[in-house]
Amino acid sequence: MDEYIVSARKYRPMTFDTVVGQAALTTTLKNVVKSGKLAHAYLFCGPRGVGKTTCARIFAKAINCQAPTEDGEACGKCESCLSQDEQRSYNVFELDAASNNSVDDVRSLIEQTRIPPQTGKYKVFIIDEVHMLSTAAFNAFLKTLEEPPAHVIFILATTEKHKVLPTIISRCQIYDFDRIGVPDIINQLTLIAQTEGVKYQEEALRVIAEKAEGGMRDALSMFDKIVSFCQGEVTYEKVIENLNVLDTESYFEIVDLCLENKIPELMSLFDGIISRGFDSGGVIVGLANHVRNIMLAKNDQTLKLLQVSAQQAQKFQLQASKCPLQFLYKALKIMNECDVNYRQSNNKRLLAELTLIAVAQLSSSDDDSEGSGPSPKQLKPIFNRQTIASSEEAPIAPSSSNVPESATKDVQKKVVSSLEENTIKLTDIGKKFSIRQTKTEDETPSLDDEPLISDDKKKPFDEKELLTQWALMCNRLQGELSVLSTRMKNLFPKITTYPNIEVVVDNGALLEEIKK
């Protein structure tokens, strides 16, 4: 029986051209080899499994190759290339800084730099996970890194660039590796599956690529595990079962229930998903990605950004035709807030359920119905709206939500302006709240038999004058009523069915105080 080698090692790139998803960096490194303009230190940064150490080894082989190709690749046939491929080269040293991070380890490495190479041009020192070196080890390494011998080249690799001392970074040429795109991972998995004779479904490979989150090594590890689980035939159903990934049909169903505002059915579906072992936060994140895909599917220009199969793209387009753009935008905003607050929440499932309810109620046609969900702009008040009406008990139309701050400032400016121009004299209103105005010039306006407007009966008593008199009345409330006066200044009366006025308040407690 042949020795089994995992795909991550068996299909590890041996040349720059076979490195997946890092075309810009590999092109730059090949040009460096062709020109011979080598720096003494390089820093390769990026997420795990994107090819940092692999590129370091290929680069080390290329600069020591005795007969490099015209495009900067190693020939793979000379003694230097063969010795490195067979792991017997004395010109390439690899140090794992995660386990060799002391000052003594660095000093031992520095001693090695003094010995020139026996074959080839350079001694290459590859230090992996360099951010794990201790501060003392970094300091001991500084001088050698800045002025190494002419035959020495350092290649440092790290997944956490921010943990490397700035004095180290400033002495290196920095190469930032990107996450590998989903299409590139799918192409590589397809090539490996075909080489190994494994049957596969394209959608199954896509799930693996998305789950890998840009890391080729992670994708290959998952691929090996699933091949063993599936016994040679990789299907979509077996992949989502093995990787514990929620199928896209569940997300389509969730969105449909949200559009129809069917909260009981939505909660039942969510409970079924959780009972299958899925994390509530992961469901919300997956749903957010699904809604984003729906938004992309609404426009032909953004449809190409969907990294899904043609069949899946049609499903997204069909659901996008049902979803208003405003619904999608607000839903994404609500789910993003849930994602931000998820870690701090003590009851994570409740937070996820409230998020789903809020998304479902975005499609509610009756915003004033009981249990109506909040929009991203405002929340429903705890108490029902109550109004202060005139003594005629005139019917009052429902008021809108709280007055925006900008509107409040505009009204306050109008009140100040009207106070400056005011020529109306109003007697003390007292405890009653009945404000009237005569319908004709022959009738006398009354407020507890006191005049409400000036002798100039031809001057109309409009909204501007009403705000003026309201402000004057609030200013006269002193002593124990001063707090109430402050709250009343934030209320804005308006003329309804002439000559009646109404004032809208937020809660019953304030209503009772004003009535007294």
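What volume does the largest pocket have? Keep that in mind as you look through these close-ups, which all come from a predicted model.

**View 1. The whole chain, before we zoom in.** Here you have a protein chain with 22 helices and ten strands. It runs to 516 residues, and 43% of them count as buried. Now look at contacts in the chain with a separation of 6 or more: residues 24 or more positions apart account for 71% of those.

**View 2. The largest pocket.** Back to the opening question: the volume is about 1,100 Å³. The lining is made up of 35 residues, and the ones nearest the pocket's centre are Glu210, Val245, Tyr251, Gly286 and Asn289. H14 gives the most, with eight residues. If you sort the lining by class, you get 15 nonpolar, twelve polar and eight charged residues.

**View 3. An open sheet of five strands.** Follow the strands across the sheet and you'll meet them in the order E2-E3-E4-E1-E5, with parallel pairing. At the edges sit E2 (92-96) and E5 (173-176), each of which pairs on one side only. On average, neighbouring strands here are turned by 15 degrees against each other, if you ignore direction.

**View 4. Strands E1 and E4 side by side.** Zoom in on E1 (residues 41-45) and E4 (residues 152-158), and you'll find a parallel pair with five bridges. One spot to look for is Ala41, which stands opposite Phe154 in E4.

**View 5. Two helices against the sheet.** Helix H5 (residues 103-113) packs on the sheet and touches E2, E3 (123-128) and E4. The direction of H5 makes about 165 degrees with that of E3. Then there's helix H6 (residues 135-146), which lies across E1, E3 and E4. H6 runs at about 130 degrees to E4.

**View 6. Ser485 in its helix.** Find helix H21 (residues 482-488), and you'll find Ser485 in it. Is Ser485 buried or exposed? Its relative accessible area is 4%, and buried means under 20%, so Ser485 is buried. Which residues does Ser485 contact, leaving aside neighbours within four places in sequence? Look for Cys474, Asn475 and Leu477.

How values were computed. Residues are numbered from 1 along each chain as its sequence is written. This is a predicted model: local features need pLDDT of at least 70, side-chain atom pairs count only at pLDDT 80 or more; totals for chains, interfaces and linings use all residues. Side-chain values use heavy atoms; hydrogens and water are left out. On a 1 Å grid over the protein atoms alone, a cavity is a set of points where a 1.4 Å probe fits but cannot get out, and a pocket is an open set with protein on both sides within 12 Å along at least five of seven lines; lining residues have an atom within 4 Å of a point. Grid points are joined across faces, edges and corners, and a volume is the space filled by probe spheres set on the points. Helices (H or I, at least four residues) and strands (E, at least two) are DSSP runs, numbered from the N terminus. Ala, Val, Leu, Ile, Met, Phe, Trp, Tyr, Cys and Pro count as nonpolar, Asp, Glu, Lys and Arg as charged, and the others, Gly among them, as polar. Buried means under 20% relative accessible area, exposed over 50%, partly exposed in between (1.4 Å probe, protein chains only). Contact means heavy atoms within 4.5 Å. Two strands pair if DSSP finds at least two bridges between them. Axes are lines fitted to C-alpha atoms, for helices over the stretch in contact, and angles run from 0 to 180 degrees between N-to-C directions.
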